[in-house]
Amino acid sequence: MIERDILVLGGGLVGAAIGYGLQKRGLRIAVLDEGDVAHRASRGNFGLVWVQSKGDGFPPYADWARHAADVWPDFCTELEQRVGFKIGYQKRGGFSLCFSEKDFAARANLIKRMHNQQGPKGYDCEMMERARVEKMMPAIGPDVVGASFCPHDGHVNPLLLLRALHTALGVDYFNEHRASAIRARRGGFEVDAGAAVFAAGRVVLAAGLGNLPLARMLGAELPIRPQRGQILVTERLPAFLDFPMSGVRQTVEGTVMLGSSREEVGYDNSIKTDVLKTITRNAVRAFPLLARARILRAWGALRVLAPDEHPIYQTLGDHAHAIVATCHSGVSLAGAHSETFAGYLAQGGLPAHFAPFHSRRFDVQAAA
Ligand SMILES: Cc1cc2nc3c(=O)[nH]c(=O)nc-3n(C[C@H](O)[C@H](O)[C@H](O)COP(=O)(O)OP(=O)(O)OC[C@H]3O[C@@H](n4cnc5c(N)ncnc54)[C@H](O)[C@@H]3O)c2cc1C
(Lines give C-alpha, C1' and ligand atoms only; values in the text may rest on other atoms or scores of the structure.)
Protein backbone atom coordinates (compact mmCIF):
# COMPACT_ATOMS: atom_id res chain seq x y z
CA MET A 1 0.00 0.00 0.00
CA ILE A 2 1.35 3.43 -1.02
CA GLU A 3 0.22 6.09 1.46
CA ARG A 4 -0.13 9.78 0.61
CA ASP A 5 -1.93 12.87 1.94
CA ILE A 6 -3.83 13.42 -1.31
CA LEU A 7 -4.29 11.31 -4.45
CA VAL A 8 -4.96 13.14 -7.69
CA LEU A 9 -6.74 10.89 -10.19
CA GLY A 10 -5.85 12.00 -13.72
CA GLY A 11 -2.61 13.51 -14.96
CA GLY A 12 -3.87 15.73 -17.77
CA LEU A 13 -3.54 19.49 -17.51
CA VAL A 14 -6.02 19.79 -14.65
CA GLY A 15 -4.71 16.96 -12.48
CA ALA A 16 -1.06 17.71 -13.18
CA ALA A 17 -1.45 21.43 -12.39
CA ILE A 18 -3.30 20.72 -9.15
CA GLY A 19 -0.79 18.00 -8.21
CA TYR A 20 2.12 20.33 -8.90
CA GLY A 21 0.55 23.03 -6.73
CA LEU A 22 -0.02 20.58 -3.87
CA GLN A 23 3.51 19.20 -4.16
CA LYS A 24 4.97 22.73 -4.00
CA ARG A 25 3.07 23.23 -0.75
CA GLY A 26 4.75 20.23 0.80
CA LEU A 27 1.87 17.76 0.67
CA ARG A 28 2.64 14.10 0.04
CA ILE A 29 0.79 13.40 -3.19
CA ALA A 30 0.53 10.96 -6.06
CA VAL A 31 -0.87 11.86 -9.47
CA LEU A 32 -2.26 8.66 -11.01
CA ASP A 33 -2.61 8.82 -14.79
CA GLU A 34 -4.14 6.34 -17.20
CA GLY A 35 -1.66 7.18 -19.95
CA ASP A 36 -1.81 7.66 -23.69
CA VAL A 37 -4.73 5.31 -24.42
CA ALA A 38 -7.15 7.65 -22.66
CA HIS A 39 -9.12 10.52 -24.21
CA ARG A 40 -6.88 13.44 -23.46
CA ALA A 41 -7.95 16.97 -24.28
CA SER A 42 -4.62 18.01 -22.81
CA ARG A 43 -2.79 16.58 -25.83
CA GLY A 44 -5.15 17.89 -28.50
CA ASN A 45 -6.05 21.45 -27.59
CA PHE A 46 -5.43 24.84 -29.17
CA GLY A 47 -3.16 26.36 -26.51
CA LEU A 48 -4.97 29.62 -25.76
CA VAL A 49 -4.65 31.15 -22.31
CA TRP A 50 -7.91 33.01 -22.68
CA VAL A 51 -10.04 35.52 -20.80
CA GLN A 52 -12.30 37.34 -23.27
CA SER A 53 -15.92 36.22 -23.32
CA LYS A 54 -15.32 33.56 -20.64
CA GLY A 55 -18.02 33.64 -18.00
CA ASP A 56 -20.78 35.39 -19.95
CA GLY A 57 -23.79 35.07 -17.61
CA PHE A 58 -21.65 33.52 -14.87
CA PRO A 59 -19.46 36.18 -13.19
CA PRO A 60 -17.64 33.73 -10.85
CA TYR A 61 -16.08 32.13 -13.93
CA ALA A 62 -15.26 35.50 -15.51
CA ASP A 63 -13.41 36.38 -12.26
CA TRP A 64 -11.66 33.00 -12.14
CA ALA A 65 -10.55 33.20 -15.80
CA ARG A 66 -9.18 36.70 -15.23
CA HIS A 67 -7.43 35.59 -12.03
CA ALA A 68 -5.92 32.66 -13.94
CA ALA A 69 -4.56 35.00 -16.62
CA ASP A 70 -3.12 37.28 -13.93
CA VAL A 71 -1.18 34.46 -12.21
CA TRP A 72 -0.02 32.76 -15.46
CA PRO A 73 3.20 34.80 -15.95
CA ASP A 74 4.63 34.02 -12.48
CA PHE A 75 3.38 30.42 -12.64
CA CYS A 76 5.15 30.03 -15.99
CA THR A 77 8.42 31.63 -14.89
CA GLU A 78 8.65 29.40 -11.82
CA LEU A 79 7.72 26.25 -13.74
CA GLU A 80 10.26 26.97 -16.48
CA GLN A 81 12.97 27.62 -13.90
CA ARG A 82 12.15 24.38 -12.12
CA VAL A 83 12.23 22.18 -15.23
CA GLY A 84 14.88 24.04 -17.22
CA PHE A 85 13.02 24.49 -20.51
CA LYS A 86 10.68 27.08 -22.05
CA ILE A 87 7.03 26.31 -22.76
CA GLY A 88 6.33 28.95 -25.42
CA TYR A 89 4.09 31.25 -23.34
CA GLN A 90 3.29 34.74 -24.63
CA LYS A 91 0.87 37.31 -23.23
CA ARG A 92 0.38 40.21 -25.59
CA GLY A 93 -3.40 40.21 -25.75
CA GLY A 94 -5.75 38.37 -28.10
CA PHE A 95 -8.34 39.14 -30.77
CA SER A 96 -11.68 37.83 -31.89
CA LEU A 97 -12.23 38.89 -35.51
CA CYS A 98 -15.54 40.06 -37.00
CA PHE A 99 -16.32 39.56 -40.69
CA SER A 100 -19.50 41.63 -41.07
CA GLU A 101 -21.16 44.64 -39.46
CA LYS A 102 -23.67 42.19 -37.96
CA ASP A 103 -20.83 40.12 -36.41
CA PHE A 104 -19.26 43.30 -35.09
CA ALA A 105 -22.51 44.51 -33.50
CA ALA A 106 -23.11 41.09 -31.90
CA ARG A 107 -19.59 40.98 -30.50
CA ALA A 108 -19.89 44.57 -29.21
CA ASN A 109 -23.12 43.55 -27.46
CA LEU A 110 -21.42 40.60 -25.77
CA ILE A 111 -18.53 42.75 -24.61
CA LYS A 112 -20.93 45.41 -23.29
CA ARG A 113 -22.96 42.74 -21.48
CA MET A 114 -19.84 41.39 -19.83
CA HIS A 115 -18.80 44.93 -18.81
CA ASN A 116 -22.20 45.30 -17.14
CA GLN A 117 -22.05 41.87 -15.48
CA GLN A 118 -18.60 42.53 -14.03
CA GLY A 119 -19.66 45.95 -12.71
CA PRO A 120 -17.08 48.07 -10.86
CA LYS A 121 -14.54 45.20 -10.91
CA GLY A 122 -14.29 45.98 -14.60
CA TYR A 123 -13.94 43.79 -17.66
CA ASP A 124 -10.96 44.67 -19.74
CA CYS A 125 -11.92 44.06 -23.36
CA GLU A 126 -12.62 46.56 -26.13
CA MET A 127 -13.96 46.68 -29.65
CA MET A 128 -11.61 47.93 -32.37
CA GLU A 129 -12.49 49.16 -35.87
CA ARG A 130 -10.64 47.62 -38.81
CA ALA A 131 -8.03 50.40 -39.08
CA ARG A 132 -6.73 49.78 -35.54
CA VAL A 133 -6.79 46.01 -36.00
CA GLU A 134 -4.84 46.34 -39.26
CA LYS A 135 -2.16 48.44 -37.57
CA MET A 136 -1.57 45.63 -35.07
CA MET A 137 -2.03 42.79 -37.58
CA PRO A 138 -1.19 44.03 -41.10
CA ALA A 139 -1.81 40.57 -42.63
CA ILE A 140 -5.61 40.56 -42.06
CA GLY A 141 -7.83 39.95 -45.07
CA PRO A 142 -10.16 42.49 -46.72
CA ASP A 143 -13.28 40.89 -45.16
CA VAL A 144 -12.28 41.75 -41.57
CA VAL A 145 -14.43 44.68 -40.40
CA GLY A 146 -13.10 44.87 -36.84
CA ALA A 147 -12.44 42.80 -33.72
CA SER A 148 -12.60 42.63 -29.97
CA PHE A 149 -9.28 42.83 -28.16
CA CYS A 150 -8.42 41.74 -24.62
CA PRO A 151 -4.95 42.62 -23.27
CA HIS A 152 -5.00 39.70 -20.80
CA ASP A 153 -5.22 36.95 -23.41
CA GLY A 154 -2.20 34.86 -24.34
CA HIS A 155 -1.10 31.46 -25.61
CA VAL A 156 1.34 28.67 -24.85
CA ASN A 157 2.60 25.37 -26.26
CA PRO A 158 0.17 23.07 -24.41
CA LEU A 159 2.28 19.93 -24.99
CA LEU A 160 5.32 21.59 -23.44
CA LEU A 161 3.15 22.82 -20.58
CA LEU A 162 1.98 19.26 -19.92
CA ARG A 163 5.50 17.89 -20.20
CA ALA A 164 6.78 20.57 -17.81
CA LEU A 165 4.13 19.71 -15.22
CA HIS A 166 4.93 15.99 -15.46
CA THR A 167 8.66 16.73 -15.21
CA ALA A 168 8.09 18.93 -12.16
CA LEU A 169 5.98 16.22 -10.51
CA GLY A 170 8.86 13.76 -10.95
CA VAL A 171 8.39 10.58 -8.92
CA ASP A 172 4.95 11.73 -7.77
CA TYR A 173 3.63 11.28 -11.34
CA PHE A 174 2.49 7.68 -11.91
CA ASN A 175 1.93 7.13 -15.63
CA GLU A 176 0.11 3.98 -16.78
CA HIS A 177 -1.69 3.88 -13.42
CA ARG A 178 -5.37 3.95 -14.32
CA ALA A 179 -7.58 4.16 -11.22
CA SER A 180 -9.87 1.15 -11.57
CA ALA A 181 -11.56 1.16 -8.15
CA ILE A 182 -12.05 3.67 -5.34
CA ARG A 183 -13.10 2.53 -1.89
CA ALA A 184 -14.12 4.91 0.86
CA ARG A 185 -12.60 3.70 4.12
CA ARG A 186 -12.31 5.15 7.61
CA GLY A 187 -10.34 8.37 7.34
CA GLY A 188 -10.05 8.42 3.57
CA PHE A 189 -9.89 6.35 0.42
CA GLU A 190 -8.13 3.42 -1.19
CA VAL A 191 -7.54 3.43 -4.92
CA ASP A 192 -6.51 0.47 -7.09
CA ALA A 193 -4.29 1.68 -9.91
CA GLY A 194 -2.28 -0.64 -12.11
CA ALA A 195 -0.81 -3.32 -9.87
CA ALA A 196 -0.65 -1.00 -6.85
CA VAL A 197 -3.03 0.11 -4.13
CA PHE A 198 -2.81 3.73 -2.98
CA ALA A 199 -4.34 5.21 0.16
CA ALA A 200 -4.91 8.80 1.21
CA GLY A 201 -7.13 10.99 3.35
CA ARG A 202 -8.37 12.85 0.29
CA VAL A 203 -8.84 12.25 -3.45
CA VAL A 204 -9.14 14.77 -6.25
CA LEU A 205 -11.04 13.53 -9.32
CA ALA A 206 -9.29 15.33 -12.19
CA ALA A 207 -9.49 12.77 -14.98
CA GLY A 208 -11.37 14.74 -17.64
CA LEU A 209 -14.06 12.52 -19.18
CA GLY A 210 -12.63 9.73 -17.03
CA ASN A 211 -14.27 11.52 -14.08
CA LEU A 212 -17.62 10.08 -15.18
CA PRO A 213 -16.85 6.45 -14.22
CA LEU A 214 -14.70 7.57 -11.26
CA ALA A 215 -17.55 9.64 -9.75
CA ARG A 216 -19.92 6.69 -10.22
CA MET A 217 -17.59 4.58 -8.09
CA LEU A 218 -18.46 7.04 -5.29
CA GLY A 219 -22.16 7.03 -6.12
CA ALA A 220 -22.35 10.32 -8.04
CA GLU A 221 -23.22 11.40 -11.59
CA LEU A 222 -21.45 14.32 -13.19
CA PRO A 223 -23.10 16.36 -15.95
CA ILE A 224 -20.19 16.40 -18.39
CA ARG A 225 -19.96 15.25 -21.99
CA PRO A 226 -17.44 15.02 -24.81
CA GLN A 227 -17.44 17.56 -27.64
CA ARG A 228 -15.11 17.12 -30.59
CA GLY A 229 -12.85 19.86 -31.86
CA GLN A 230 -10.63 19.49 -34.96
CA ILE A 231 -7.37 21.38 -35.39
CA LEU A 232 -4.77 21.71 -38.17
CA VAL A 233 -1.19 22.86 -38.02
CA THR A 234 0.83 24.36 -40.89
CA GLU A 235 4.51 24.26 -41.74
CA ARG A 236 6.70 26.94 -40.14
CA LEU A 237 6.09 30.37 -41.68
CA PRO A 238 7.97 33.66 -41.25
CA ALA A 239 6.49 35.55 -38.29
CA PHE A 240 3.37 37.45 -39.41
CA LEU A 241 1.07 37.28 -36.38
CA ASP A 242 1.88 38.69 -32.95
CA PHE A 243 -1.51 37.95 -31.40
CA PRO A 244 -3.53 34.77 -30.95
CA MET A 245 -7.25 34.45 -31.66
CA SER A 246 -9.78 31.67 -31.34
CA GLY A 247 -9.29 30.32 -34.89
CA VAL A 248 -5.65 31.13 -35.70
CA ARG A 249 -2.43 31.46 -33.72
CA GLN A 250 1.20 31.44 -34.77
CA THR A 251 3.41 29.56 -32.38
CA VAL A 252 6.80 30.72 -31.15
CA GLU A 253 8.36 28.19 -33.58
CA GLY A 254 6.49 29.66 -36.58
CA THR A 255 3.86 26.97 -37.23
CA VAL A 256 0.28 28.19 -37.41
CA MET A 257 -2.54 26.41 -35.63
CA LEU A 258 -5.99 26.56 -37.19
CA GLY A 259 -9.12 25.49 -35.44
CA SER A 260 -11.26 24.42 -33.89
CA SER A 261 -14.69 22.96 -34.60
CA ARG A 262 -17.45 22.21 -32.09
CA GLU A 263 -19.15 18.89 -32.86
CA GLU A 264 -21.53 16.76 -30.80
CA VAL A 265 -20.39 13.30 -31.93
CA GLY A 266 -19.90 11.47 -28.64
CA TYR A 267 -16.53 9.82 -28.16
CA ASP A 268 -15.55 9.89 -31.85
CA ASN A 269 -12.29 11.85 -32.12
CA SER A 270 -11.63 11.22 -35.82
CA ILE A 271 -11.11 13.99 -38.39
CA LYS A 272 -13.53 14.90 -41.18
CA THR A 273 -12.39 16.64 -44.36
CA ASP A 274 -15.49 18.83 -44.70
CA VAL A 275 -14.88 20.27 -41.22
CA LEU A 276 -11.17 20.77 -41.91
CA LYS A 277 -12.11 22.58 -45.14
CA THR A 278 -14.34 25.01 -43.24
CA ILE A 279 -11.60 25.69 -40.70
CA THR A 280 -8.99 26.41 -43.38
CA ARG A 281 -11.41 28.55 -45.40
CA ASN A 282 -12.13 30.71 -42.34
CA ALA A 283 -8.42 30.99 -41.56
CA VAL A 284 -7.60 32.10 -45.13
CA ARG A 285 -10.39 34.66 -44.95
CA ALA A 286 -8.75 36.06 -41.81
CA PHE A 287 -5.18 35.90 -43.19
CA PRO A 288 -5.04 35.37 -46.97
CA LEU A 289 -1.30 34.52 -46.91
CA LEU A 290 -2.29 31.20 -45.29
CA ALA A 291 -3.64 30.04 -48.67
CA ARG A 292 -0.02 29.18 -49.61
CA ALA A 293 0.83 27.36 -46.35
CA ARG A 294 1.24 23.59 -46.33
CA ILE A 295 -0.74 21.68 -43.72
CA LEU A 296 1.43 19.26 -41.75
CA ARG A 297 -1.04 17.57 -39.48
CA ALA A 298 -4.69 17.52 -38.41
CA TRP A 299 -6.34 15.87 -35.43
CA GLY A 300 -9.52 15.65 -33.44
CA ALA A 301 -9.79 15.83 -29.66
CA LEU A 302 -12.61 15.77 -27.14
CA ARG A 303 -13.49 18.70 -24.92
CA VAL A 304 -14.72 17.98 -21.40
CA LEU A 305 -17.88 20.06 -21.28
CA ALA A 306 -20.45 20.88 -18.62
CA PRO A 307 -23.86 21.99 -19.97
CA ASP A 308 -22.96 25.68 -19.47
CA GLU A 309 -19.28 25.13 -20.42
CA HIS A 310 -18.09 26.51 -17.05
CA PRO A 311 -15.91 24.51 -14.64
CA ILE A 312 -17.27 22.16 -12.02
CA TYR A 313 -15.53 22.19 -8.63
CA GLN A 314 -17.26 20.39 -5.79
CA THR A 315 -17.13 17.65 -3.21
CA LEU A 316 -18.87 14.41 -4.14
CA GLY A 317 -22.12 13.61 -2.35
CA ASP A 318 -21.46 12.36 1.17
CA HIS A 319 -17.73 12.24 0.56
CA ALA A 320 -16.48 15.55 1.91
CA HIS A 321 -12.91 14.58 1.13
CA ALA A 322 -13.46 13.63 -2.53
CA ILE A 323 -13.13 16.73 -4.67
CA VAL A 324 -13.98 17.04 -8.36
CA ALA A 325 -12.18 19.44 -10.69
CA THR A 326 -13.22 19.49 -14.31
CA CYS A 327 -13.26 22.27 -16.86
CA HIS A 328 -13.19 23.19 -20.50
CA SER A 329 -10.19 25.53 -20.14
CA GLY A 330 -7.42 23.49 -18.61
CA VAL A 331 -4.71 25.48 -20.39
CA SER A 332 -6.10 28.88 -19.42
CA LEU A 333 -6.73 27.80 -15.84
CA ALA A 334 -3.45 25.90 -15.28
CA GLY A 335 -1.87 28.73 -13.27
CA ALA A 336 -4.96 29.17 -11.11
CA HIS A 337 -5.24 25.42 -10.52
CA SER A 338 -1.64 25.25 -9.39
CA GLU A 339 -1.30 28.56 -7.55
CA THR A 340 -4.77 29.07 -6.07
CA PHE A 341 -6.95 25.95 -6.26
CA ALA A 342 -4.19 23.73 -4.84
CA GLY A 343 -3.71 26.37 -2.13
CA TYR A 344 -7.37 26.00 -1.10
CA LEU A 345 -7.00 22.22 -0.95
CA ALA A 346 -3.80 22.53 1.07
CA GLN A 347 -5.70 24.69 3.56
CA GLY A 348 -8.44 22.09 3.89
CA GLY A 349 -10.97 22.37 1.05
CA LEU A 350 -12.96 24.50 -1.32
CA PRO A 351 -13.75 28.01 -0.09
CA ALA A 352 -17.35 29.22 0.30
CA HIS A 353 -17.06 31.51 -2.71
CA PHE A 354 -16.58 28.41 -4.91
CA ALA A 355 -20.15 27.21 -4.16
CA PRO A 356 -21.47 28.54 -7.55
CA PHE A 357 -19.17 26.06 -9.33
CA HIS A 358 -21.04 23.05 -7.83
CA SER A 359 -22.95 20.99 -10.41
CA ARG A 360 -26.14 21.53 -8.39
CA ARG A 361 -26.45 24.76 -10.41
CA PHE A 362 -27.89 22.55 -13.16
CA ASP A 363 -30.59 21.17 -10.82
CA VAL A 364 -31.75 24.74 -10.25
CA GLN A 365 -31.77 25.41 -14.01
CA ALA A 366 -33.70 22.19 -14.69
CA ALA A 367 -36.33 23.02 -12.06
CA ALA A 368 -36.82 26.61 -13.31
C1 LIG B 1 -10.06 20.91 -29.67
C2 LIG B 1 -9.80 21.47 -28.30
C3 LIG B 1 -9.29 22.75 -28.17
C4 LIG B 1 -9.07 23.28 -26.90
N5 LIG B 1 -8.50 24.51 -26.78
C6 LIG B 1 -8.24 25.02 -25.56
C7 LIG B 1 -7.59 26.27 -25.43
O8 LIG B 1 -7.20 26.90 -26.41
N9 LIG B 1 -7.38 26.76 -24.19
C10 LIG B 1 -7.80 26.08 -23.06
O11 LIG B 1 -7.62 26.59 -21.97
N12 LIG B 1 -8.38 24.87 -23.17
C13 LIG B 1 -8.61 24.33 -24.37
N14 LIG B 1 -9.18 23.10 -24.49
C15 LIG B 1 -9.61 22.42 -23.28
C16 LIG B 1 -8.48 21.77 -22.54
O17 LIG B 1 -7.70 20.99 -23.42
C18 LIG B 1 -9.08 20.93 -21.43
O19 LIG B 1 -9.81 21.77 -20.57
C20 LIG B 1 -8.06 20.23 -20.60
O21 LIG B 1 -7.17 19.50 -21.39
C22 LIG B 1 -8.77 19.31 -19.63
O23 LIG B 1 -7.78 18.67 -18.92
P24 LIG B 1 -8.15 17.44 -18.00
O25 LIG B 1 -6.90 17.10 -17.30
O26 LIG B 1 -9.37 17.76 -17.19
O27 LIG B 1 -8.62 16.31 -19.01
P28 LIG B 1 -7.81 15.48 -20.09
O29 LIG B 1 -6.85 16.28 -20.82
O30 LIG B 1 -8.83 14.74 -20.89
O31 LIG B 1 -6.97 14.48 -19.23
C32 LIG B 1 -7.58 13.50 -18.46
C33 LIG B 1 -6.47 12.65 -17.91
O34 LIG B 1 -7.04 11.74 -16.98
C35 LIG B 1 -6.49 10.45 -17.23
N36 LIG B 1 -7.48 9.46 -16.79
C37 LIG B 1 -8.70 9.20 -17.30
N38 LIG B 1 -9.30 8.23 -16.58
C39 LIG B 1 -8.43 7.89 -15.60
C40 LIG B 1 -8.45 6.96 -14.54
N41 LIG B 1 -9.51 6.16 -14.31
N42 LIG B 1 -7.37 6.87 -13.72
C43 LIG B 1 -6.29 7.66 -13.92
N44 LIG B 1 -6.21 8.55 -14.92
C45 LIG B 1 -7.27 8.67 -15.73
C46 LIG B 1 -6.17 10.41 -18.71
O47 LIG B 1 -5.12 9.51 -18.96
C48 LIG B 1 -5.76 11.85 -18.98
O49 LIG B 1 -4.37 12.04 -18.82
C50 LIG B 1 -9.39 22.53 -25.74
C51 LIG B 1 -9.88 21.23 -25.88
C52 LIG B 1 -10.08 20.71 -27.14
C53 LIG B 1 -10.58 19.31 -27.26
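**Helix packing, sheets, domains and ligand shell**

Q: How do helix 2 and helix 8 pack?
A: In this predicted model, helix 2 (residues 59–83) and helix 8 (residues 334–347) pack at an angle of about 85°. Their axes are 7 Å apart.

Q: Why are helix 2 and helix 8 called roughly perpendicular?
A: Angles of 65 to 115 degrees count as roughly perpendicular. The angle here is about 85°. Helix 2 and helix 8 are therefore roughly perpendicular to each other.

Q: Which residues in helix 2 and helix 8 meet?
A: From helix 2 come Trp64, His67, Ala68, Val71, Trp72 and Phe75. They meet Gly335, Ala336, Ser338, Glu339 and Thr340 in helix 8. By class, this contact has 6 nonpolar, 4 polar and 1 charged residues.

Q: What makes strand 13 and strand 15 edge strands?
A: The order of this open sheet of 4 strands is 13-14-12-15, and the pairing is antiparallel. Strand 13 (248–250) and strand 15 each have a single partner strand, so one side of each is left without a neighbour in the sheet. Neighbouring strands are turned by 25° against each other on average, direction ignored.

Q: How do you know that strand 12 and strand 14 pair, and what is the sense?
A: Two strands pair if there are at least two bridges between them. Strand 12 and strand 14 (residues 256–259) have 3 bridges, in the antiparallel sense. One of the bridge partners is Gly259 in strand 14, which faces Ile231.

Q: Which strands does helix 7 lie across?
A: Helix 7 (residues 273–286) lies across strand 12, strand 13, strand 14 and strand 15. Helix 7 runs at about 55° to strand 12.

Q: What makes strand 4 and strand 5 the edge strands of their sheet?
A: Here 3 strands form an open sheet in the order 4-6-5, with antiparallel pairing. Strand 4 and strand 5 (126–129) each pair on one side only. The twist averages 30° from one strand to the next.

Q: How do you know that strand 5 and strand 6 pair?
A: At least two bridges are needed. Strand 5 and strand 6 (residues 146–150) are joined by 4 bridges and run antiparallel. Met127 has Ser148 in strand 6 as its bridge partner.

Q: What lies across strand 4, strand 5 and strand 6, and at what angle to strand 4?
A: Helix 3 (residues 101–118) does, running at about 140° to strand 4.

Q: Into which domains is the protein chain divided?
A: The division gives domain 1 (2–79 + 158–224 + 308–367), domain 2 (94–151) and domain 3 (225–305).

Q: How do you know that domain 2 and domain 3 are in contact?
A: Residues are in contact if their C-beta atoms lie within 7 Å. By that test, 12 residues of domain 2 are in contact with 11 residues of domain 3. On the domain 2 side, the largest share, 4 residues, comes from strand 4 (residues 94–98). That side has 8 nonpolar, 3 polar and 1 charged residues. The centres of domain 2 and domain 3, taken over C-alpha atoms, are separated by 21 Å.

Q: What makes up the shell around the ligand, by class?
A: The shell divides into 20 nonpolar, 19 polar and 5 charged residues. Gly counts as polar. Of the 44 residues around the ligand, Gly12, Gly208, Gly210, Gly229 and Gly330 come nearest.

Q: Where does the shell around the ligand draw its residues from?
A: Domain 1 and domain 3 each give at least three residues. Helix 1 (13–24), strand 12 (225–234) and strand 15 (295–305) each supply at least two. Strand 15 gives the largest share, 4 residues.

Methods:
Residues are numbered from 1 along each chain as its sequence is written. This is a predicted model: local features need pLDDT of at least 70, side-chain atom pairs count only at pLDDT 80 or more; totals for chains, interfaces and linings use all residues. A residue is near a molecule or strand if its C-beta atom, placed from the backbone, lies within 6 Å of it. Domain bounds come from an automatic or database domain assignment. Axes are lines fitted to C-alpha atoms, for helices over the stretch in contact, and angles run from 0 to 180 degrees between N-to-C directions. Two residues are in contact if their C-beta atoms, placed from the backbone, lie within 7 Å. Angles under 35 degrees count as roughly parallel, over 145 as roughly antiparallel, 65 to 115 as roughly perpendicular and the rest as oblique.
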